[in-house]
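Dear colleague,

Please find below the structure I was asked to pass on to you.

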Amino acid sequence: MPISSYIGSRSRGGGWARSFLPTTTPSAVSSAASSSVTSSTAVNSKSKLPRKIRRRTLLRDFIWAHFFTICLSLSLLLFVAALVRFGPFSLSSSTSRFSRSARPRKPVPRKLPASNDVVSAASVDITTKELYDKIEFLDVDGGAWKQGWMVTYKGNEWNHEKLKIFVVPHSHNDPGWRLTVEEYYDRQSRHILDTIVESLSRDSRRKFIWEEMSYLERWWRDSSKAKREAFKKLVKKGQLEIVGGGWVMNDEANSHYYAIIHQMTEGNMWLNETIGVVPRNAWAIDPFGYSPTMAYLFRRMGFENMLIQRTHYELKKELALHKNLEFIWRQNWDAMETTDIFVHMMPFYSYDVPHTCGPDPAICCQFDFARTRGFIYELCPWGHHPVETTPEIVQHRVEMLLDQYRKKSTLYRTNTLLVPLGDDFRYVSLDEAEAQFRNYQMLFDYINSNPSLNAEAKFGTLDDYFQTLRDEADRVNYSLPGEIGSAEIEGFPSLSGDFFTYADRKHDYWSGYYVSRPFFKAVDRVLEHTLRASEMLMALILGRCHRIMCEKLMTSYAYRLVAARRNLALFQHHDGVTGTAKTHVVKDYGTRMHTSLTDLQLFMSKAIEVLLGIRFEKSEQSPSQFDPEQVRAKYDAQPVRKGVIVQEGSATSVVIFNPLEQTRNEVVMVVVDRPDVSILDTNWTCIESQVSPEMQHKRGQIFTGRHRVHFQASVPSMGLEMYYIVHGGHCEKAKLADLKVSANSDSQPCPAPYACSKIEEDVAVIQNHRQSLGFDVKLGLLLRVTNQGGSPRNISEEISIYNSEGSGAYLFKPVGAARKIVQAGGHFVVTTGPMMQEVYSYPWTEWYEAPISHSTRVYSGANGIQEFYIEKEYHVELVGEQFNDKELIVRYKTDIDNNRIFYTDLNGFQMSRRETYDKIPVQGNYYPMPSLAFMQGLDGHRFSVHSRQSLGVASLENGWLEIMLDRRLSSDDGRGLGQGVIDNRAMNVGFHILLESNVSSTSDPRSNPLPLNPSLLSHSIGALLNYPLHLFIAKKAQELSRQSPPPRFFSPLASPLPCDLHIVDFKVPRAMKYPFSEYPVEDPRFALLLQRRGWDSSYCPTARSQCTRLADEPVNLFSLFRDLEVMNVRAASLNLLHDDPEMLGYSELSGDVIQEGHVVIPPMEVQAYRFELRPHE
């Protein structure tokens, strides 16, 4: 066995680092995989041996089995250490110049996970499902700590280990909320950063933490060199810690994991390049609920610890009762403890000073010295206000404060206590900062000078706290009998699950923000996939570009690309993508995203010309020959499809870019001004097409007068393909679709040249050779679905509205059940043809202008997966006062016996099991649905809904799945925003619906506490929705001639990637960091992030498509591209900043990477690689 097999247990990342390594022997992988299957454990299974004994046994067996290799390894390590200490170079490649040395992670025995479809189960002490099952949610009044209990202590708890108190000053700066990010910066944030530098420079005992890089970067540009150097000095001395270091503190319910990685990387890279630090502690005090995806990403970015605050108050109470507020967060699939990260959960209502020093806010508020008279903040609402600390009262004040500290410490296991000192936009003036620091230092001095108090208090950073806590945990065993815990840090329980839906008091559940401002949630996803596609094109051009003149396009658009990255990152803020900002702030976010979308589309239109070899001399000034097929007139407008004006005897080019890693055979649609057109492929070969009338949401005029031409395109992975829309020539014209209309649609004239017939039946049908859909003609709603060779499945569609009282941007507070709004009548049009069949419905409602219309489509095509799903598109216009305090839903009533158990995705990355509880109100049973929800019955039938934007979802009755589409609310919900949500926009919501039957045995969802994974087919269908093809249309048509133009296509990959391997991102993070001719070879420009999807093998493993390859086989990075040479490959953390041996266990095998380059990625993992590219010589 190669020495690489022993490196993982010594790495900073425990076993994770070994899974990260390229391997040269696939057989070794399969061997490790089989052993992993044997070792996987169920959630509730616990070893009979205590954990320490198990570790000793494993360690002893490991040493005896590998004695020779260990000795050899130690010899090599001593030799390397000598080189590092005395030689001319160092092997350490830490990118942080000022960060403290990282604490080495404890070794974990490591085996590679099982094969691609087998995701092991984690063994943990606590799951959030078990907590929800146990908690009664009675909201008992606890006295001073209203959501807890009367906390007491004996007094002898600190006799052997004194109480070590770290007061951590902080200021939470929202990059947009009630003011825009620029308004906040001008009025508050720049002054806060000035204050921090000056106040901390006065006294080395003072500490502070800062989180948001969006503000720090802005301040850095405006600040003098002296201020910058002072800031750096404070960071280097450890007085000022950057925590998290993302561009923003992102939301964790709506944000997609691509955007989360992106915003963290943007902030972390700027921070490292500018100040020379890389954060290792995360601080997330304000997101409204927490996702394990965030814990996973932090861990894979090199973070060691994280802090969270906003979790359900009943859950906090339950954890506090058992001293479990600090825990190891482990991913539910991780049987090998490679994803473990230490978490501190704050115990009380808020992160302000009254709710952070202890359980009694009336007392704690008296120690918020910024609330004294003369400052801008409100006085204490409990009637007792802060007073200046003097020698005469310091003893009494210490007794009050230390009593709160002691009570708070009893909620945790250790005698190391964290006490945040701050609030939103605090420390805005030097006087305010001095009031806090001066008074607290006097209190600290008294505590520290009285040993009988058994306490030590001082200002600290988050790193100070976690370092001291870990030191104490190394000295004192806080583990409970039988506790599984973690090898990462002993003495604490392990936990898996998520923390949704958040409630801060009574029945006030924060599930409204899952849907607030859904228009901009949709724009967010469009910007995401457009940025990802642009990054790919930029990287592909730079990989082929080794001439100075080739840089023109890159140089002219580099700054726009950076702006797009930062505008997307900004919107991930927990008051951005959540839809919980003031109206003018939403406009600011929207305008920024719209500007970036326009810039990116313009760049892409020029980039495709370069890659297709049409023109090489492209710069910002040179016009493009192509326009994007969809454009937006302004920030809050729906995208409009560019209609092709087809001239007689002409051919108009259409270029299609496929941003996915597999070849796509897909029916695409282009709008044209006339129906008599034909389609040619890049080889000038005629292909089949269909034409049908375009429809719109307009009661008196459904048909627009334009036409939709559908044809099947085949586009290589990450490649380009050109097609032609022609008039004239020898090709058969597009087939005219047949139209059928209901009797109520007689007022709509039949558009020429189509033939319209009247629907006589009560049920209308559309179908392809895979499935048949039946619709209620009177209501225009789906009734049933019949799969090929199967019996009909009841899939009854309802469109309903909740009336709300007290709902706002954050809260969902319905009054009673949702009521149906669709009445008999309305316009109903059935379109049938060889490529696409569609039902369009404009329903009758109590309002003359219906708030919704919708289309349902099925597709037919060879070698594609479109034929397996149902495409639903809802046009929503919840506009006007008549819809105030209304929340619009679509509900699917199925015959699936799911027992109100369903599954929703977390950030598009993993699934979470959901269960509807009667002890929780409707709003508490709503959950975030960033991209997918499904339910499954005992018979293995599964009903899945993929969404192209984040929404909210519930399963309130057996077999039901309801999704909220939009909400319009006239009132504020009392959470600080100060307004309702009445700035609704017309928008389209898109779903892909999939019905599946398992082809092998499956577990009972009711008895299985673990989440189920999507099938491989489901993953593929979701990818089509979330990573659509990008179409570009030539501005000028060309004349038809007898001589066909040369084929235009671009296929960069040597072959499509395995079906379960996804390219999360492929980019050049800092394209213009160096002049073109001076880029150092040792600093690779290109970054590739790959994810191995976890999927359910009880459903068809081949995705019922052309999928023939899975990621069980190693992927060779060196042969990834067709005509590019890959060099200098390095594994990296997901923020691209760590590649040192201790953290990744990778440097020792750099030679093997260069020689072989084979990588095997375990299921569910995301891995990053950096490398250099150049054209093959």
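Glu217 is buried, its relative accessible area being 8%; buried means under 20% relative accessible area, exposed over 50%, and partly exposed in between, with a 1.4 Å probe and protein chains only. The residue sits in helix α7, which spans residues 213-222. Helices (H or I, at least four residues) and strands (E, at least two) are DSSP runs, numbered from the N terminus.

This is a predicted model, in which local features need pLDDT of at least 70 and side-chain atom pairs count only at pLDDT 80 or more, while totals for chains, interfaces and linings use all residues. Residues are numbered from 1 along each chain as its sequence is written, and side-chain values use heavy atoms, with hydrogens and water left out.

The side chain of Glu217 makes a polar contact of 2.9 Å with that of Arg221. A polar contact is a pair of N or O atoms within 3.5 Å; within protein, one must be able to donate a hydrogen and the other to accept it, and residues adjacent in sequence count only if both atoms are side-chain atoms. Apart from neighbours within four places in sequence, Glu217 is in contact (heavy atoms within 4.5 Å) with Trp247, Trp270 and Arg566.

Arg566 also takes part in a salt bridge with Glu266, at 3.0 Å from N to O. The two residues belong to distant parts of the chain, 300 residues apart: Glu266 is in helix α9 (residues 257-274) and Arg566 in helix α17 (residues 552-571). Both Glu266 and Arg566 are buried. A salt bridge is a side-chain nitrogen of Lys or Arg within 4 Å of a carboxyl oxygen of Asp or Glu, and by this rule the count is 85.

Two further salt bridges deserve a mention. Asp504 and Arg975 meet at 2.8 Å, N to O. Asp504 lies in strand β12 (residues 503-505) and Arg975 in the loop between β43 (960-968) and β44 (987-997), so this pair ties together parts 471 residues apart in sequence. Asp504 is buried at 3% relative accessible area, and Arg975 counts as buried at 12%.

In the other, the closest N and O atoms of Arg1170 and Asp1083 are 3.8 Å apart. Arg1170 is in strand β53 (residues 1166-1175) and Asp1083 in the loop between β48 (1061-1067) and β49 (1086-1092), 87 residues apart. Arg1170 and Asp1083 are both buried.

Finally, salt bridges with shared partners join Arg708, Glu838, Arg857, Glu871, Glu873 and Arg948 into one network.

With kind regards
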